[in-house]
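Me: I would like to go through this structure and ask what the labels rest on. Please set each value against its cut-off.

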Amino acid sequence: MISESNYVVSHPTGNTFVRALMEELTKSQQLGKFYTTIGSGLGTKPFIQLICKRRGYSIPDDKISRQWIPELVRLLSKGEQSKKRKRTDHSYLALDKKVSSKLTNRDTQVLHAYEDGAYYSFKRAKELGIQCSYELPIAHWSTVRRLLAEEADRYPQWEPTLESPRESEEKLFRKVEELRMAERITCPSQFVLNSIPDDIKRNTPCQISPFGSPPSQTAARKTSSNTNKSLKLLFVGSMTQRKGLADLFEAMKMLNGEPVTLSVLGQPSLPMNFYRQQFPGFSYYPPCTNHEVRQIMQQHDALILPSIVEGRALVQQEALACGLPIIATANAGGEDLIDEGLTGCIIPIRNPLKIVEKIFYLIESKMAKEERIFICQMKAKQYSWRSYAKNIIDFNLSSLSKLI
């Protein structure tokens, strides 16, 4: 039997999948400590709750160790993107070094950490005999760098939206070493797993643990009827060519005069007039809460995500839970979510013509709107956050059991 409180988890900002893992570890009494920058747990002081209102966790507050200052500096900083990226790197590194300094093997058997935040803590864990569990949420850096460098050549005007090629050699060295030190590697999709170098996969156990889906949305859908032969498309994500937005705009130009509309919901990387110059005919929604995103989804007929490189875009499962089919590349990380022609369509990267083809497929589909909504929502329900977390816990447990 594995002892209680045997996990330490480290993540600077604590997103949805980090929360899911910690909640499952807490239920099974295996969470020793969660290291983060800013965050509050159950039973914390009111002023901390106020400061951390967007980073609250459903775990006891005494399980959280915070590294405030570098993250506060990052959040309050203004200026060029390059300076903001440096402050982000500094915040990640400061937390990594703190975990390294606090780590002991008294109660800890597993350290679970994430890309860009595990180098120093993994080095210390190896010295202490603590198992290093690594989660790679996006494709391996070499794949990201190669694909985005090619995009900079394809669409030079979109190059400022591509950040990965600008990463320092020092940061890339840490990425390499993190993966090399890992004893268990978890990926959210087949695309991410395929991107890991073969020598790492030969020597380190790897698994896929898909993210969970939000609850299905039962509110009335304001979608166009199939009998109208029209389609309201929605793109959700950062407005970059990493997400394939340039290819989507090219496809929409080909559809000039067809009964297809496009809405874009996301954070611009460049002034809005840049995007209007590429394709003026889209409706724009600024970033908003998850609840608001799902309300907007229910006003559309399909999600479109022609991504060049991702990990597993959660927006795909959010769309399915709202009853929307997906038109997406396998590089968006959700190939398993798409039953071709039913829950959506797979498209190749860098192919606006194929995007047009699949749009027409959905327009001409004879499937009733209500039937497609039901099929999409049933697909979303196959993926739970508890299953995601248990996969990681059991994956590490299988190794620890051999040592007992």
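Me: How do you know how far to trust the coordinates?

Reply: This is a predicted model. The mean pLDDT of the chain is 91, and 93% of its residues reach 70 or more. Over residues 223–227 pLDDT stays under 50, although the model has 13 contacts there beyond four places in sequence. Where pLDDT is low, the predicted coordinates should not be read in detail.

Me: Why is Arg 55 called buried?

Reply: Buried means under 20% relative accessible area. Arg 55 has 13%, so Arg 55 counts as buried.

Me: What makes Arg 55 and Glu 71 a salt bridge?

Reply: The cut-off is 4 Å between a side-chain nitrogen and a carboxyl oxygen. The closest N and O atoms of Arg 55 and Glu 71 are 2.8 Å apart. The two residues lie 16 places apart in the chain, Arg 55 in the loop between helix 2 and strand 4, and Glu 71 in helix 3. Glu 71 has a relative accessible area of 1% and is therefore buried.

Me: Why is Glu 150 called partly exposed?

Reply: The class lies between 20% and 50%. Glu 150 has a relative accessible area of 31%, so partly exposed is the label. Arg 350, at 25%, is therefore partly exposed as well. Glu 150 and Arg 350 form a salt bridge, with 2.8 Å between the closest N and O atoms. Both belong to a network of salt bridges that also links Arg 146, Glu 151, Arg 154 and Asp 247.

Me: Which labels do Arg 312 and Asp 336 get?

Reply: Arg 312 is buried, because its relative accessibility is 5%. Asp 336 is partly exposed, because its value is 32%. Their side chains meet in a salt bridge at 2.9 Å, N to O.

Me: How do you know that the buried residues of helix 14 line one face?

Reply: Those residues are Pro 352, Ile 355, Val 356, Lys 358, Ile 359, Leu 362 and Ile 363. Seen down the axis, they fall within an arc of 170°, so they line one face of helix 14. Helix 14 has 13 residues and reaches 19 Å, close to the 18 Å expected.

Me: What makes one side of helix 15 the buried side?

Reply: Arg 372, Ile 373, Cys 376, Gln 377, Lys 379 and Ala 380 are the buried residues. They cover an arc of only 155° around the axis, so they sit on the same side of helix 15. Glu 370 and Phe 374, on the other side, are exposed. The cover over the buried residues includes helix 13 and helix 14.

Methods: Residues numbered from 1 in each chain as written. Predicted model: local features only at pLDDT ≥ 70, side-chain atom pairs only at ≥ 80, totals over all residues. Heavy atoms only, no water. Buried < 20%, exposed > 50% of the residue type's maximum accessible area, 1.4 Å probe, protein only. Helix = DSSP H or I, 4+ residues; strand = E, 2+ residues; numbered from the N terminus. Arc of directions from axis to C-beta. Contact = heavy atoms within 4.5 Å. pLDDT = per-residue confidence, 0-100. Expected span 1.5 Å × (residues − 1).
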